[in-house]
Amino acid sequence: MISPVSSSLQRLRWLLACSFLLWAPAALAQSMVSWDLLANVEVSYEQDLDHNTWWMEARFNEELRALEGKAIRVRGYLIPATVSGNLVVLSAFPMASCFFCGGAGPESMMEVIPGAKLRFSTDDFVELEGILQLTERSEGSLYQLTRARIVH
């Protein structure tokens with residue numbers, strides 16, 4: 001015979017298990033980040049004439065700072081930044097309109113550092129997930145997506 005205490009514990013375990021199944025996906029889900037949010041950064045350009053170098057200084061808002069080091073998702077166009085394909089960027093725009101080729105701003109692209117080799121064609125529109133890193137002083141990219149992988 002099952003005691004009332006044992007029966008109550010079984011019900012409690014069942015309720016906890018059901019609660020976990022309902023709430024876990026929301027708690028573990030990555031934030032979908034829009035390019036509009038990523039564009040909300042102030043960028044100034046600095047240069048060292050003696051060494052013929054330049055760089056960008058970025059000032060990120062609190063909303064972006066809160067996402068640093070967190071798992072996010074973002075959609076965009078994959079573009080190889082080198083002939084070998086060792087450096088890949090995700091852009092808000094296709095290659096003809098991207099930061100390097102078409103005159104968009106540096107906030108419209110991010111460097112992609114994959115967890116494993118990415119298989120893609122230039123201008124594939126994908127959804128990536130990875131860890132967002134902000135770069136306050138850069139010669140190239142304000143954003144990095146590390147441990148990135150294609151979700152869709």
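Leaving aside neighbours within four places in sequence, with which residues is Val 89 in contact? In this predicted model, Val 89 is in contact with Tyr 77, Leu 78, Ile 79, Ala 81, Met 109, Met 110, Glu 111 and Val 112, once those neighbours are set aside. Val 89 is located in strand β5. Its relative accessibility is 4%, and Val 89 therefore counts as buried, the limit being under 20%.

The largest nonpolar core comprises 26 residues, of which Leu 38, Phe 60, Leu 90, Met 110, Val 112 and Tyr 143 touch the most other members. At least two residues of this core are supplied by each of α2 (35–38), β3, α3 (62–67), β4 (71–80), β5 (88–91), β6 (109–114), β7 (124–134) and β9 (143–150). The most is given by β7, which provides 4 residues. With residues up to four places away in sequence not counted, Tyr 143 touches Leu 38, Val 41, Phe 60, Leu 64, Glu 107, Met 109, Met 110, Glu 111, Leu 132, Gln 133 and Leu 134. Among these, Leu 38, Phe 60 and Met 110 are also named with Tyr 143 as core residues that touch the most other members.

An open sheet of 3 strands was identified, with the order β2-β3-β8 and antiparallel pairing. Its edge strands are β2 (41–48) and β8 (137–138), each of which pairs on one side only. Strand β3 (residues 53–60) runs antiparallel to β8 and is joined to β8 by 2 bridges. Met 56 has Ser 138 as its bridge partner in β8.

Aromatic side chains were also considered. A search of the whole structure gives 3 aromatic pairs. One of them, formed by Tyr 45 and Trp 54, is tilted, with 6.2 Å centre to centre and 45 degrees between the planes. Trp 54 has a relative accessible area of 41% and is thus partly exposed. In another pair, the ring centres of Tyr 77 and Phe 125 are 5.1 Å apart and the planes stand at 65 degrees, so this pair is edge-to-face. The pair links distant parts of the chain, since Tyr 77 belongs to strand β4 and Phe 125 to strand β7, 48 residues apart. Tyr 77, at 22% relative accessibility, counts as partly exposed. A further arrangement involves a charged side chain: Arg 137 lies over the face of Trp 55, at 4.0 Å from the ring centre.

Backbone geometry was examined last. Most residues other than glycine have a negative phi. Asn 52 is not a glycine, yet has a positive phi of about 50 degrees. Asn 52 is situated in the loop between β2 and β3. With a relative accessible area of 72%, Asn 52 is exposed. Arg 147, likewise not a glycine, also has a positive phi of about 50 degrees. Arg 147 is placed in strand β9. At 63% relative accessibility, Arg 147 counts as exposed, because the value is over 50%.

Methods. Residues numbered from 1 in each chain as written. Predicted model: local features only at pLDDT ≥ 70, side-chain atom pairs only at ≥ 80, totals over all residues. Heavy atoms only, no water. Pairing = 2+ DSSP bridges. Core = buried A, V, L, I, M, F, W, Y, C linked by side-chain atoms within 4.5 Å. Buried < 20%, exposed > 50% of the residue type's maximum accessible area, 1.4 Å probe, protein only. Contact = heavy atoms within 4.5 Å. Phe/Tyr/Trp six-rings, centres within 6.5 Å; stacked < 30°, edge-to-face > 60°. Lys NZ or Arg CZ within 6 Å of the ring centre and 35° of its normal.
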